[in-house]
Amino acid sequence: MTKLQAADPIFWQDAEPARLQRDRKEVAEFAPHLLYQEPDASDGGEHIHGGWFGELPLWPFERPEPEGVKELIGTSGLTVAVMYSAAHPMVPPTIFPVSVEPTPEEETQSAWHVAPGGSLCLLQSDGGWHPEASITELLAKAAGWHVEYALMKRGEIQEMSVRGIVIDSSFDHLVTKYGHGGHEVPEPPMIEDSIVRD
């Protein structure tokens, strides 16, 4: 009787070589300290479909870095492990913080945006990921999570923002506070639209 052989795993990189090339180009430009991890069938665990490991930029957002970022979170960006699944890019990669380790209690509270098991919750819903989206969008959200996590740990906020600090500047004045020795900095006044009258 012929013994059944276990099928070799099919890696998404072999099915989607153009997407792999795109991911590698975009990540190299966005976070040059992230190193690509080749798929490893012998691993048998979460690394089997490859990913990335390394340090994210400290403030990779379009608006200027507020004073106080380094005083709040230090001079190094968040070190992460990014795990692809077999279904990439239909399913987003999973990102784990490495240089910051959420507590088991934090993993059970939605306010911290950490899933049970320690991966980051970076999307508002399961449908929040679009296969054509860039992986750098998630990496930017992870960098923003790093800033909000520091604000949570210092008691400056009670829950992380829904939209994320990538596009939401409402916490910037709290970050700036740490550039002034921890003293409160007034929020800038709201600028009302001017009305031109004849």
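Modeller: What follows takes the sheet, then the aromatic rings, then the loop.

Modeller: This is a predicted model, where local features need pLDDT of at least 70, side-chain atom pairs count only at pLDDT 80 or more, and totals for chains, interfaces and linings use all residues. Residues are numbered from 1 along each chain as its sequence is written, and side-chain values use heavy atoms, with hydrogens and water left out.

Colleague: Sheet then. What is the strand order?

Modeller: S1-S2-S3-S4, four strands in an open sheet with antiparallel pairing. Helices (H or I, at least four residues) and strands (E, at least two) are DSSP runs numbered from the N terminus, and two strands pair if DSSP finds at least two bridges between them.

Colleague: Which strands are at the edges?

Modeller: Strand S1 (34-37) and strand S4 (94-97), each of which pairs on one side only. From one strand to the next the twist averages 15 degrees.

Colleague: How many bridges join S2 to S3?

Modeller: Five, between residues 51-55 of S2 and residues 79-83 of S3. Glu55 stands opposite Thr79 in S3.

Colleague: And which helix packs on the sheet?

Modeller: Helix H4 (residues 135-153), touching S1, S2, S3 and S4. Its direction makes about 25 degrees with that of S4; axes are lines fitted to C-alpha atoms, for helices over the stretch in contact, and angles run from 0 to 180 degrees between N-to-C directions.

Colleague: Aromatics next. How many pairs?

Modeller: The structure holds five aromatic pairs. Rings of Phe, Tyr and Trp (its six-membered ring) pair if their centres lie within 6.5 Å; planes under 30 degrees apart count as stacked, over 60 as edge-to-face and the rest as tilted. Trp145 and Tyr149 are stacked, at 4.7 Å centre to centre and 25 degrees between the planes. Both lie in helix H4, four residues apart, about one turn of the helix.

Colleague: Why does Trp145 count as buried?

Modeller: Because its relative accessibility is 3%, and buried means under 20% relative accessible area, exposed over 50%, partly exposed in between (1.4 Å probe, protein chains only). Tyr149 counts as buried too, at 6%.

Colleague: Which residues form the aromatic cluster?

Modeller: Trp112, Trp145 and Tyr149.

Colleague: Last one. Where is Glu156?

Modeller: In the loop between H4 and helix H5 (172-177). The Glu156 side chain makes a polar contact with the Lys177 side chain at 2.9 Å; a polar contact is a pair of N or O atoms within 3.5 Å, and within protein one must be able to donate a hydrogen and the other to accept it, while residues adjacent in sequence count only if both atoms are side-chain atoms.

Technical notes
Contact = heavy atoms within 4.5 Å.
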